[in-house]
Amino acid sequence: MAAATGPVRWHRNLSAKIAAIPMITTALVVFIGGTAWTVLYSFTSSKLLPREKFVGLAQYERLWSSSKWLISIENLAIYGVFSLVFSLLIGFMLAALLDQKIRFEDTFRTILLYPFALSFIVTGLAWQWILNPDFGIQHVVRSLGWESFSFDPLYDPDIVIYGILIAGLWQGTGLIMCLMLAGLRGIDEDIWKAAKIDGIPMWKTYIFIVIPMMRGIFITAIVLIASGIIKVYDLVVAQTGGGPGIASEVPAKYVYDAMFLSQNLGQGFAASTMMLLTVIIIVVPWAYLEFGGKRRG
Amino acid sequence: METKHSISIKNLRLSFGALDVLKDLNLDVGRGEFLVLLGSSGCGKSTLLNCIAGLLDVSDGQIFIGERNVTWEEPSKRGIGMVFQSYALYPQMTVAGNLSFGLKNAGLPKPEIEERVNRAAKILQIEPLLSRKPAALSGGQRQRAAIGRALVRDADVFLFDEPLSNLDAKLRADLRVEIKQLHQQLSNTMIYVTHDQIEAMTLADRIAIMRGGQILQLASPNEIYNRPANKYVAEFIGSPTMNFFDGEIVGGDGLRFAVGNHAFPLEGYDFRDGLAVQGPAWFGIRPEHMVTGTKAESARIRLSGQVELVEPLGSDTLARVAVDGRSLWVRMDGQANIRDGDDIVVGFDPARANLFDKSHENRL
Amino acid sequence: MGNVTKTAAEIQLAPARQEMTGPRGPKPGRTLSRRNIMIYGTLIVVSLYYLLPLYVMVVTSLKGMPEIRLGNIFSPPVEITFQPWVKAWAEACTGLNCDGLSRGFFNSVRILIPSVVLSIAIASVNGYALANWRFKGSETFFTILIVGAFIPYQVMIYPIVIMLREVGLYGSLTGLVIVHTIFGMPILTLLFRNYFASVPQELFKAARVDGAGFWGIYFQIMVPMSLPIFVVAMILQVTGIWNDFLFGVIYTKPDLYPMTVQLNNIVNSTQGVKEYNVNMAATILTGLVPLTIYFISGKLFVRGIAAGAVKG
């Protein structure tokens, strides 16, 4: 990419430019154009069809006074925090266990990762069945003699989001475990030897030496989990349909419902713009920390 | 341009953003010449070669191959063959496939491709390997096949980008000889990039020593060794590196080099343009130009010191000698019988010395 | 080495194998140490937990409804019946259609094949251009593409609806194929770009000296060298597209719904008596394709998701 003091040759690399047209179109038209369009139309009073009648922040005011949206946000926050913490915790601990030079490592890994191959729909339906109060865990425990046992997350508005969390963790922790395992395997064997010679106990080696060395993997895992959290939709649709009532609504479902079910496009645009804003608030500081220093050069 | 030049580079400049990788570089390579571009990594030698090959777009300047201006020509249309450090053989093709790939792209008729491939294979003695894949070849065989790929193109100019760096020492020496024979046999122009001074000295008709995107000295191996143009070149060529004294050239009773309480006579030193100068300077002398024992007695300059360290190499012995708190490397006979702590007298002749001015470090 | 607190003798006694950090008995053999019991015990319990839903689905799908109503979901079927599977595949109703999940299955296949082929073809050429033929602005477009991967789909859903409607593809399989190609592009392009960038640059240079152009190098040098990464991309796309629900429900119409959407409609339909055995059979059927890919591809699958996950 030399500075072009030579003859300007637009046809140099012509094939590459032609080949990149789909990418350029996607980047400019869909990603930038589409996003800008939605943000712009979130300031209109669009209902069944988009129209250019601008109403300022009216859609946002309505959004933030809607109990369905507020519950969605609350659910997303609960689901997000727990799923982040538990995914990292469980993922790392399972990876550390698998990294002990054990036998049947492949078998264990295959078992722990298979849920990740399944769709959220399948995951949600499977756990809907297991958590079914009349047939599932609650029923089984009660029929064993503990009559007052109660574990009914899918029909209890207060804890329904935890029922979804259980399914989400079941599906996703295997991936985090695999990432962590790759990270652990990337650590020089000599580090362990050195720690052993220095007489450092294993748990201390993990916390003070190994985990700081795996910073990159942790960041990747966090980004991955976080982007999964924002997208959570299918799981809720399959497992609870947002219910009971509106107790397990999430933002992505709010957007879909507003756009395609209740013919309230403006609300959908405003809600999706809020989702975008959330991502920006999370991603921009991270990106700045990761790349900010270099980009200045 | 002039037909006597095979390659001619005029005011070549290449920059990546603010970074100038090649700075206003000029170079003429004669027909049939073996030119080696030598320098440490990052000096721009490989970049220059890639520019000649057309694999990098230049920022400014022109490149001529033969009489054609090829500055903006496609690599395959420049009449070059190229050999790479990592061999760069196409892993999924056989050796024959690798050799013929370029010819097929050029649309040559099949019988001719076959003939050329066979001829090249014969020259390089890789005929039995033609149907093998690169993965089934040893390092030396791979590099032969890679040379073959350049050979079949019947190119006027061969470009080598550190072709022997990935080989072990023994093979490297063998293939070096083969490349030299190949040049004698084919007599096309060859440009050869390396950071290995032995390859450079043994192969080159002329060596271009590069640093910071410029050519510091372009001369025969002999000239470069004996009359380095500046202190950098003097340090770069030769191992162990040249010994330096930091002092001053003073006049008076004949010209002398004053360092500490010594004053080396400079009679017999061949000043550049015969022009004697005075002032602060470096005095350089190669370890192999220092003598010891009885020879030291008769040398023009004598220093006494103590042996600090001995490195026996078999053919030679290297000794580090402390003289007035300064360490000097001396190359001695392999049979020399010395030990650490021995007192020793070293001597040398000003005619063998190299003087560089302190401010520009250029040869005086 | 300043912190050597142990004596040489102790170091000598310390077992060479890493697993011996636990109690230092006199003879650290392969016997069931307390540590090993803990490790294997934990892993087995966790594995059972992970296998539980699959087990429950399978046993439920093999029971008759009366048995389900009476028994517990963990007990194996007393009387095995395959009727629920037959019904799920061929008879279950969604709306007016009562031809079972088979319709969704074939829809998914018709969506899957072109989507996988198109998305991989485009992304691999993109990745190749980005790795080997950079031009002014190419990195900028790539950055936008990768940043775009972080934008919630919800923001772009409706503009795409409008664009597809404009060209008459809204509600068609072709439209959905395009959507899958677009949203698969960032991750796949990253995957291919990183892979092609790891191919020695000299190979590419050699091919240019040999007179091969953009497409020549792509087809004759790069693709034959990169079959593993194509397999990885295929695994990634097959599972991803098969498991998609959101795009399927938005960009197609009921006749063309992919399997996941149809499954959800069957199971969560509010009409009629719930037939849990049929539901579970249908759920397994839908999960069968990605599960098969997963168990066959093994390590490549892991490599695929790791490659997809690790940023460039």
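The centres of domain 1 and domain 2 of chain B, taken over C-alpha atoms, lie 38 Å apart in this predicted model. Domain 1 covers residues 5-231 and domain 2 covers 236-357, with bounds that come from an automatic or database domain assignment. Where they meet, domain 1 of chain B contributes seven residues and domain 2 of chain B five; a contact here requires C-beta atoms, placed from the backbone, within 7 Å. The side of domain 1 that touches domain 2 has four nonpolar, two polar and one charged residues. In this scheme Ala, Val, Leu, Ile, Met, Phe, Trp, Tyr, Cys and Pro are nonpolar, Asp, Glu, Lys and Arg charged, and the others, Gly among them, polar.

Chain B also holds an open, antiparallel sheet of five strands, ordered β13-β12-β11-β14-β20. Strands (E, at least two residues) and helices (H or I, at least four) are DSSP runs numbered from the N terminus, and two strands pair if DSSP finds at least two bridges between them. At the edges, β13 (262-265) and β20 (354-357) of chain B each pair on one side only. Within the sheet, β11 (residues 243-250) and β14 (residues 279-285) of chain B are joined in the antiparallel sense by seven bridges, and B:Phe245 stands opposite B:Phe283 in β14(B).

Turning to another pair of chains, the contact takes 79 residues from chain C and 80 from chain A. On the chain C side, helix α2 (residues 34-61) gives the most, with eleven residues.

Residues are numbered from 1 along each chain as its sequence is written, and chains are lettered from A and ligands numbered from 1 in the order in which they are written. As the model is predicted, local features need pLDDT of at least 70 and side-chain atom pairs count only at pLDDT 80 or more, while totals for chains, interfaces and linings use all residues.

Terms used: Two residues are in contact if their C-beta atoms, placed from the backbone, lie within 7 Å.
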